[in-house]
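Trainee: I have a chain open here and would like to talk through its fold with you. Could we take it step by step?

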Amino acid sequence: MNYLSMCCKKLPVTNVVMSKPSIGGEYEGYRKYLINTKEGNLWGVCSECNKSGSFFDEKEKFIMDVKYIDILKEMMSRDDNFDENGELTQEAKDYIEKRRNE
Ligand SMILES: [Zn+2]
């Protein structure tokens, strides 16, 4: 499993920070070079720009994007989701946001 930085979408620098689960041994792969902040984010150092910041699980991001595409397809199938300029209506945008946060 890969974790990528929010800034450059790159792997974390190794051996700067180390984290271990409270039970058991070390995390697998690059997860052990990231620590959990109290806000619930994964934090580490980006191997591209060398700045510290949040990281995300590549797989989770992918699942979220696939879900977004499904929602968009659903929107496209209904004409009343678009205004006279072919833009998504505010109501449609609100609906997308709601669905994405489910
Ligand atoms: Zn970076």
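Trainee: In what order do the elements of the chain run from the N terminus on?
Mentor: Bearing in mind that this is a predicted model, the order from the N terminus is β-β-β-β-α-α, which gives 4 strands and 2 helices in the chain.

Trainee: And how are the 4 strands arranged in the sheet?
Mentor: They form an open sheet with antiparallel pairing, in the order 1-4-3-2. Strand 1 (3-5) and strand 2 (35-36) stand at the edges with a single partner strand each, so one side of each has no neighbour in the sheet.

Trainee: How many bridges join strand 2 to strand 3?
Mentor: There are 2 bridges between these antiparallel strands, strand 3 covering residues 42-45, and in one of the pairings Asn36 has Leu42 of strand 3 as its bridge partner.

Trainee: Which residues make up the largest nonpolar core?
Mentor: That core has 5 residues, namely Tyr3, Tyr33, Leu34, Leu42 and Phe55. Beyond its neighbours within four places in sequence, Tyr3 is in contact with several residues, including Leu34, Leu42 and Phe55, as well as Pro12 and Glu58.

Trainee: Where does helix 1 lie?
Mentor: Helix 1, residues 58-76, lies across strand 1 and strand 4 (52-57), and runs at about 60° to strand 4.

Trainee: Changing topic, what is the radius of gyration of the chain?
Mentor: The chain has 19 Å, whereas a compact globule of 102 residues would have a value near 13 Å. The chain is divided into domain 1 (3-57) and domain 2 (59-100), whose centres are 31 Å apart, and buried residues make up 9% of the 102 residues.

Technical notes:
Residues are numbered from 1 along each chain as its sequence is written. This is a predicted model: local features need pLDDT of at least 70, side-chain atom pairs count only at pLDDT 80 or more; totals for chains, interfaces and linings use all residues. Domain bounds come from an automatic or database domain assignment. A nonpolar core is a set of buried Ala, Val, Leu, Ile, Met, Phe, Trp, Tyr and Cys residues joined through C-beta atoms within 7 Å. A residue is buried if 20 or more other C-beta atoms lie within 10 Å of its own, exposed if 12 or fewer, and partly exposed in between; C-beta atoms are placed from the backbone. Two residues are in contact if their C-beta atoms, placed from the backbone, lie within 7 Å. Two strands pair if DSSP finds at least two bridges between them. Axes are lines fitted to C-alpha atoms, for helices over the stretch in contact, and angles run from 0 to 180 degrees between N-to-C directions. The radius of gyration is taken over C-alpha atoms; the globule rule is 2.2 Å times the number of residues to the power 0.38.
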